[in-house]
Structure formats: structure tokens, C-alpha cells
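Colleague: I am new to this structure and would like a close look at one part of it. Please take me through the packing of the helices there and the charged side chains that go with it, and then say briefly how the rest compares in kind.

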Amino acid sequence: MATNNPIEAASRGNKKGESIQILLDKTIQHLSQQAQRILGIAGQLGQAPFVLGPIISASDMEAITVRAAIGELVNFGLAIRKEHHYAITHPLLHAYARHSRQFPVDTTTFAKLVTYYNSLAQSQAQPETAEYLRLDDEYVHFIEILKGVEKRNDMAGLIELVLALRYFWEIRGYWREGKQWLEKALAASESAYTGQVQQQIRGQIQLVLGGIYYRLLDFDRAHALLLESRENARQVQDLLTQARACRNLGLIQRNGLGDPNAALQFFEESLALTRGLDESIQHHEKAREFLINEIEVSSCYLDKSMIDTENKDFETAAIDRQTAQSLLQACLDHYRSLGIYDKQLEAHIYHGLGIAFQLYGAPSFVEAYNHYKQALHLSQQTGERGQMAELEACLGEVCFGSGQIQVALAHFDKSKTIAQEIRDRQMLLYLQDTVTGFQSRLASSGQEDLSSQYSLWLKSLMPDAESSPG
């Protein structure tokens, strides 16, 4: 008969005196009640190092008591200390702590763990921090807590924690895992809520899920979800979700379907909704939404400028480019006047300014490079990996245009590494097209050694670009 308990599975067939279960039971008898309780709580987390925060929150013990109990586990060889973290010493011991009846974790204790991780995710998602990379070390524990909430059939709790993690998944590039849990949350919302509350929750989930499908290049699914999000938000007068849904619909039109004019309509609708936000939205958040929309509008003008140039309509291209630059500079000035520090937003402004200066051509490449570097520095602090990959590629383009061919290739390589880590197929294909064009220019200009380097690099990229899931 199959078992979900690894301890039972490992103990089968052993003599009674040699049973892993019995040996561990005998060891645990020598522990204090506090140490046993700590071990049981740690068993609810993932098999990864943990800090004391969640243990203290869930145990209702004083920090000094928890430290003493952890020290007891360390002395018995059941846990080890790693700088500011602790870890259970063996996977079987972790499984024992999770499944043994010696360590019952009641509903109240587990709920406190959920509350701790909810608060942690929400605190890191605030614009003034937005340092999502801090959650990477906790990600294994988040997933185990989600599984625990699902196992307990707490659908409202599942939805709450999924929504707390929504921006982390999108920004750190955990798109497939995010998709999986957001789909579960969307299905759970059918029974967990009713009426307008259900519409509001579903609209919020659909908004983020649509954004992740956009990242995964499933534009049809993304478009359908975002339209539903916008409609659900409209029904409950949730202007913020409406505005964000419109903005994401614009991103699909601009980046997915290559139609900046259609995108501009969505961005302008989003701007109008943002202007209508009432005073219940914090001043910072309202200003942030407005500025993000302005950045996207400017991006549309930059895209139109590139299309105008391809069509040899240089006069219109210059007007669109100047419009974009003026909008972006106004965004930067407005941002500075607010007296806030929002690294994520600031990175997007500098990214846009870099593109604008790059489009002016070689005389403005230094300004473009400096803006890109500033944006990259900010993105590295927030951990926004998708943008980091884009910025490394932008730096590569500017360096190539400035004649720094090998430096450019180093930037392209950094972009490739990040894109492969997060399986960003869209970025990998962009790199393939961009570097192929540069390699052809090197070959046609007789720079055979450099052309060969770019060819070898492309051979390392193409299998990844072809096999990376969409």
C-alpha cells in the first residue's frame, strides 16, 4: 500500500529495533517541549534554511526561548546554524517533523505561519521597498505554505497568499509557478466568494494572470483574461484594476502584436481611469499609476518613431521621438517633485530615456548608455529580472553602435544568462534577431574574427531560443 509519509516508507521491512521511526522517537524523547514544538513548526516549512521570524510568530514564544530551543536542536545534531539561518539536518528528519504525531501543528499555529508569509510578501511589494529578490531565499517556504493551505482546503487563505505573491512571480520570472497557483486561485474564487466581492477578487487575479500569460507569449489567453479583468473591475467600480488591465492590454498590442496605435488607445484609457481615482487611493499609489501610464504612452511614441523610420518618414519619426522624450523628462521631473523614492518606477523612466536617446543615433549614445546603466543599477536592487535582461541587451546595442564590439557581446551574454534563467523566450528570440543582424554587419565589413565570435555566440543561443517553452 502506497504512503505519502517518507518515514513510513523508509521504515518498512526494518526490524522493530532498527526502524527509523522508532529511532527518531527515542531521540525526540530527550528534547524539551519547546524544542519539540519548534521542530514541528519547522517541519511545515520547506527543506531549506529558515530564519527565526516565522518560528517566533507561529510559536507564541519569546525570541530568547526560541533561540534556546533551536540551540537544543543544534546540540542534538537535529539542526545546523548557517549564519543568520537554521536548517534541519536531513530530509528524513524534516519529513518526520512534518508527519509525526509527536508534533501536531494546530490550525491556529499554521494560520500564524500563513499570516507571517502574507505580511512578508506584502511588505516587499510596497513601491518604497520593491526588493523582491529578498523573497528568493523564502520562496521554498512560500510554496510549502501554499501547499499546506491547499491541503487544508482554505480557499480564501490560498487566494490571499497567492495575491500577496503576484508581483513577486511576475518580476522575479517565476512565471510558470505563478501561472499554476494563480489558476488555482481563480478556480477557488468561484466558491470562496460571491457577489461583488467575487468580482473584485476575480478581476485582480485575472489581471496578474493575464500579465503572466503575456510574458509566456500566449497573447490570446492574456487578452481574454485582461478583458474579463477590466469588465469585473468595471462592475465593482475598481478603477485601479481597470486602469492596470487597460495598460496590460496596451502592452499586448504594442509588444505582442506590434500595433503601437492600438496600444496608445488602451494607454490613454488607462490614463483617464487613473485621473479618476478617488482619495481612497494613496497619493503615492495614484501618482505612481499615472506616471507608469505616461511612460507607456511615451513608449508607444518611441515605437511609432521606429516604424516611421523604417517607412522612411523621417519627419514624423523625429516628432514622435521628441514627443516621447518630452513625456519621459516630464515624468522624471514629476517623480522628483513628489519627494518619494520608488526604485522600480525610476528604473522604468531611465529605461525609456535610454531608448529615446538611442534613437537619436551615435551622437547620443553616451547619454543612452548612462540612462541604461542607471536603470540597470536600480533594477538589480529591486530584482526585476525581466527588465535586467532587456537593459543588458540595450547596453549591448549601444556599445556595438559605439564600436565596442566585444563589450557589446559581453552585455548580450549577460542578457542571455538572465533570460535563460527565467525562460524568457521572447527575450531570447530578440537577442537572436539582434545579434544575427550585428554578425552580418561584421561579416560584410570584413571583420572576420569578430564575426566568428558572434557566430559562435549565436550557436550557443539558438538551441535555447528554440527549446525554451513559450
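Modeller: Arg172 is buried, its relative accessible area being 7%. This is a predicted model, and what follows describes that model. Side chains of opposite charge can pair when their charged atoms come close. Arg172 has such a partner in Asp136: the two form a salt bridge, with 2.3 Å between the closest N and O atoms. The bridge joins distant parts of the chain, since Arg172 sits in helix α10 and Asp136 in the loop between α7 and α8, 36 residues apart. Asp136 is partly exposed, with a relative accessible area of 23%, whereas Arg172 falls below the 20% under which a residue counts as buried.

Helix α9, residues 155-164, is mostly covered, with eight of its 10 residues buried. Those eight are Met155, Gly157, Leu158, Ile159, Leu161, Val162, Leu163 and Ala164. What do the buried residues of α9 pack against? They pack against five helices, namely α7 (107-124), α8 (139-151), α10 (166-172), α11 (175-192) and α12. The helix that carries Arg172, α10, is therefore one of those that the buried side of α9 meets.

Two packed helices are described by the angle between their axes and the distance between the axes. For α8 and α11, the axes come within 13 Å and cross at roughly 25 degrees. That angle makes α8 roughly parallel to α11, the cut-off for this being 35 degrees. The crossing of the two is left-handed. On the α8 side, the residues that take part are Tyr139, Ile143, Leu146, Lys147 and Glu150, and they meet Glu177, Trp181 and Lys184 of α11.

On to α11 and α12. The axes of this pair come within 9 Å and cross at roughly 155 degrees. This makes α11 roughly antiparallel to α12, and α11 passes α12 in a left-handed crossing. From α11, the contact is made by Trp175, Gly178, Lys179, Leu182, Glu183, Ala185, Leu186, Ser189 and Glu190. From α12, it is made by Gln198, Ile201, Arg202, Ile205, Gln206, Val208, Leu209, Ile212, Tyr213 and Arg215.

The side chains of Glu190 and Arg202 meet in a salt bridge, at 3.5 Å from N to O. Glu190 is in helix α11 and Arg202 in helix α12, so this bridge ties together parts 12 residues apart in sequence. Arg202 counts as buried, at 14% relative accessibility.

Most residues other than glycine have a negative phi, and most peptide bonds are trans. Leu217, which is found in the loop between α12 (195-215) and α13 (219-235), has a positive phi near 70 degrees. Leu217 is partly exposed, with a relative accessible area of 22%.

Now for the rest of the chain, which has 23 helices and two strands. Of its 470 residues, 53% count as buried. Among contacts between residues at least 6 apart in sequence, 64% join residues at least 24 apart.

The whole structure has 13 salt bridges. One of the others is that of Asp413 with Lys416, whose closest N and O atoms are 3.5 Å apart. Being three residues apart in helix α21, Asp413 and Lys416 are separated by about one helical turn. Asp413 is partly exposed, at 29% relative accessible area, while Lys416 counts as buried at 9%. Past the end of that helix, in the loop between α21 (405-421) and α22 (425-444), lies Arg423. Arg423 has a positive phi of about 55 degrees although it is not a glycine, and at 34% relative accessibility it counts as partly exposed.

The nearest side chain of opposite charge is that of Lys304, 4.4 Å away, and Asp320 has no salt bridge; the limit for one is 4 Å. Leaving aside neighbours within four places in sequence, Asp320 is in contact with Tyr301, Lys304, Ser305 and Asp308.

Conventions: Residues numbered from 1 in each chain as written. Predicted model: local features only at pLDDT ≥ 70, side-chain atom pairs only at ≥ 80, totals over all residues. Heavy atoms only, no water. Helix = DSSP H or I, 4+ residues; strand = E, 2+ residues; numbered from the N terminus. Buried < 20%, exposed > 50% of the residue type's maximum accessible area, 1.4 Å probe, protein only. Lys, Arg positive; Asp, Glu negative; His and termini not counted. Contact = heavy atoms within 4.5 Å. Axes fitted to C-alpha atoms, helices over the stretch in contact; angles between N-to-C directions. Parallel < 35°, antiparallel > 145°, perpendicular 65-115°, else oblique. Left-handed = near helix turned anticlockwise from the far one by under 90°.
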